[in-house]
Structure formats: structure tokens, C-alpha cells
Amino acid sequence: MSLFAFLKSRTAFWLSFTGTTTGLAFFVKDLMQGGQFTKETNETGKVFIVTGANTGIGKETVREIAKRGGTVYMACRNLKKCEEAREEIVLETKNKYVYCRQCDLASQESIRHFVAAFKREQEHLHVLINNAGVMRCPRSLTSDGIELQLGVNHMGHFLLTNLLLGLLKKSSPSRIVNVSSLAHTRGEINTGDLNSDKSYDEGKAYSQSKLANVLFTRELAKRLEGTNVTANALHPGVVDTEIIRHMGFFNNFFAGLFVKPLFWPFVKTPRNGAQTSLYVALDPELEKVTGQYFSDCKLKEMAPAATDTQTAKWLWAVSEKWTKPTMITIQ
């Protein structure tokens with residue numbers, strides 16, 4: 001009898017095909033999960049802030065830091081979801097030093113209130129992880145009149161970071177971690193229409209905001225030279241998180257039935273998406289590394305546009321004008 005005679009049975013053939021395809025999908029899935037931060041570090045006594053921490057990459061970042069003993073502030077827009085995530089993390093890690101605080105990055109007033117409250121509670125800040133973000137949403141504005149993707153992904157974090165620089169310097173060696181995206185390679189800073197007032201394309205606006213993250217990181221690193229405070233950016237990978245909620249194509253019935261299963265092997269889990277954030281935030285070997293861009297727990301080249309010093313200075317000046325970080329924080 002031929003070795004493959006059983007394949008003459010349609011049932012046997014399709015069972016074999018399904019099994020092989022499933023096995024291959026899981027194999028590809030494992031390959032696509034990227035680098036892992038496996039070093040054991042003790043973060044007891046260190047204070048962290050993670051924005052957008054109630055779900056996805058942010059939540060997994062907080063979970064791992066809490067496991068390592070760190071004091072973590074979850075800076076979130078939705079306090080109810082934040083408290084639910086915090087309870088889960090505290091029960092799992094047995095670390096009670098995990099706190100929820102409201103911080104809506106689409107509101108500069110909310111950011112200032114968050115910083116003022118944080119400074120009343122803590123005298124130090126060792127790591128700031130600017131993780132929160134929105135992607136490809138319909139055009140809308142922050143409460144301060146800034147296009148939402150630019151306002152949340154860049155301007156909100158620009159203001160938050162600048163308001164916390166005093167504590168970061170006081171707590172040095174300290175780190176600033178900006179979660180950007182590979183999309184920055186497609187980005188262009190539209191100096192003639194930065195706020196997308198004349199025309200709006202959700203994809204271009206997202207890429208512009210992610211390029212702004214890297215330009216901000218590099219300019220910030222230069223301004224912090226000699227302070228022992230580092231600033232680095234990273235691409236977490238293509239991760240299955242709520243950030244795709246505005247992408248209607250991926251959220252309709254057809255996509256759920258046919259498209260998502262095809263993409264599933266190539267998408268990281270939130271836990272694996274958090275690995276590069278943890279690497280940049282915690283690895284002792286990166287204590288003095290600054291102004292760089294990482295992906296899959298490795299140093300990577302950034303787009304040429306991200307190294308444009310003049311554009312970085314222009315963006316910084318505009319960001320200062322739009323956020324006024326030197327103003328007295330609300331008490």
C-alpha cells in the first residue's frame with residue numbers, strides 16, 4: 001500500500017491539510033513574536049509612570065515591572081478600566097505599589113493636574129514610559145484644538161515629559177521611553193499644515209505623529225546631555241491591541257471571519273509587544289544609551305527623516321508654543 005494512499009480519502013486529506021496548516025500557523029506565530037527581555041532585574045525602590053496602561057502593551061509593561069518590585073503609576077484616561085487592570089495586576093504580582101491616576105493626553109489641563117498630583121505623592125521618578133496612543137482615527141480635535149493623533153501621540157507626551165523633567169533629573173540615572181512605530185518611516189512633518197486643518201488623511205496623520213515621537217526623542221536626548229537622563233524610542237511590532245479600534249475594516253464581520261485569521265500568525269501578543277519597552281526601560285546595559293531607536297530588543301536604524309536636526313528643532317519650537325510646558329503646573 002502506498003504511503004499516501006490514505007489521502008485518497010477526502011476526509012483524511014482535509015484533516016491532514018488542516019493539521020499541517022494549523023501547525024505551520026503556530027510555527028510562524030512563534031517566529032513573529034520577536035525578541036524577549038529575559039534579564040532578571042530588581043526594580044524595588046524605583047518609581048515608574050506608564051501612560052495608556054490599562055490595556056494592551058501598557059498593561060503588560062506594568063505587569064512585568066510590578067513583578068520586579070517597581071512602584072508603578074498607571075496614567076490612564078479611563079479610570080474604571082484602569083482600576084480593573086490594576087486589581088488584576090496587584091492580585092497576580094502581590095505588589096501593592098501599583099496606582100491608578102487619571103491622565104487624559106487629549107487634555108493639557110488633565111496632564112497638568114496629573115503631574116501636580118504625582119509631585120505631591122512622589123519625590124522621584126526613575127522611568128517615564130510614554131506608551132499611550134491612538135491610530136488612524138477619524139479627524140477630531142483634542143480639548144486644546146490639536147488634531148487628535150498629533151495631540152495624543154506627540155503633544156500630550158511632549159508636555160507630560162517636560163513637566164516631569166525636574167523629577168527625572170533629580171532621580172538620575174533615569175530614563176524616558178517613547179513608544180513610536182515603524183510607521184515613522186512613512187511619516188513626514190507637514191510644516192505647512194501640521195494640524196491637518198487644510199486636509200486630513202488618517203494614515204498620514206498617524207505616521208506624522210510617530211515620526212514626531214522619534215524627532216522629539218532625538219532632540220530631547222541632545223538637550224539632556226550631561227544630566228544622566230536618557231531618552232530612547234522604539235517600535236513594539238505589529239501587536240493585537242485596542243489601538244486598531246478605529247480601523248473599521250478590521251472590526252467588521254467579514255474581517256473577523258476571514259481576514260483576522262490570515263493576519264493572526266504575523267501579529268504579536270500584547271505581552272510580546274511589551275518586550276522592547278521593558279528592554280529599553282530596564283536593561284542595565286542601556287543606562288547610558290540615549291537618542292536611539294529599538295525594535296525586537298535590538299538597536300535599529302531610524303528613518304532618514306527622523307535624523308533631520310532642523311525639523312526636530314522646528315517641531316520642538318512649535319510643540320512648546322502649543323503646550324506651554326514652562327507655565328506653572330496647576331496645583
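These legends describe close-up views of a predicted model. Residues are numbered from 1 along each chain as its sequence is written, and side-chain values use heavy atoms, with hydrogens and water left out. Local features need pLDDT of at least 70 and side-chain atom pairs pLDDT 80 or more, while totals for chains, interfaces and linings use all residues.

**View 1. Asn195 lies in a loop between a strand and a helix.** The loop runs between strand 5 (174–179) and helix 6 (202–223); helices (H or I, at least four residues) and strands (E, at least two) are DSSP runs, numbered from the N terminus. Asn195 counts as buried because its relative accessibility is 8%, where buried means under 20% relative accessible area (1.4 Å probe, protein chains only).

**View 2. The side chain of Asn195 reaches the backbone oxygen of Gly145.** The distance is 3.2 Å. Apart from neighbours within four places in sequence, residues in contact with Asn195 include Arg139, Glu147 and Trp322; contact means heavy atoms within 4.5 Å.

**View 3. The largest cavity has a volume of about 40 Å³.** A cavity is a set of points on a 1 Å grid over the protein atoms alone where a 1.4 Å probe fits but cannot get out, and lining residues have an atom within 4 Å of a point. Grid points are joined across faces, edges and corners, and the volume is the space filled by probe spheres set on the points. Among the lining residues are Leu105, Thr142, Asp144 and Met155. Helix 4 (108–121) and helix 5 (148–170) each give two or more residues to this lining, and the largest share, three residues, comes from helix 5.

How values were computed. Buried < 20%, exposed > 50% of the residue type's maximum accessible area, 1.4 Å probe, protein only. Polar contact = N/O pair within 3.5 Å; in protein donor to acceptor, adjacent residues only side chain to side chain. 1 Å grid on protein atoms, 1.4 Å probe; cavity = no way out; pocket = protein on both sides within 12 Å on 5 of 7 lines; lining within 4 Å.
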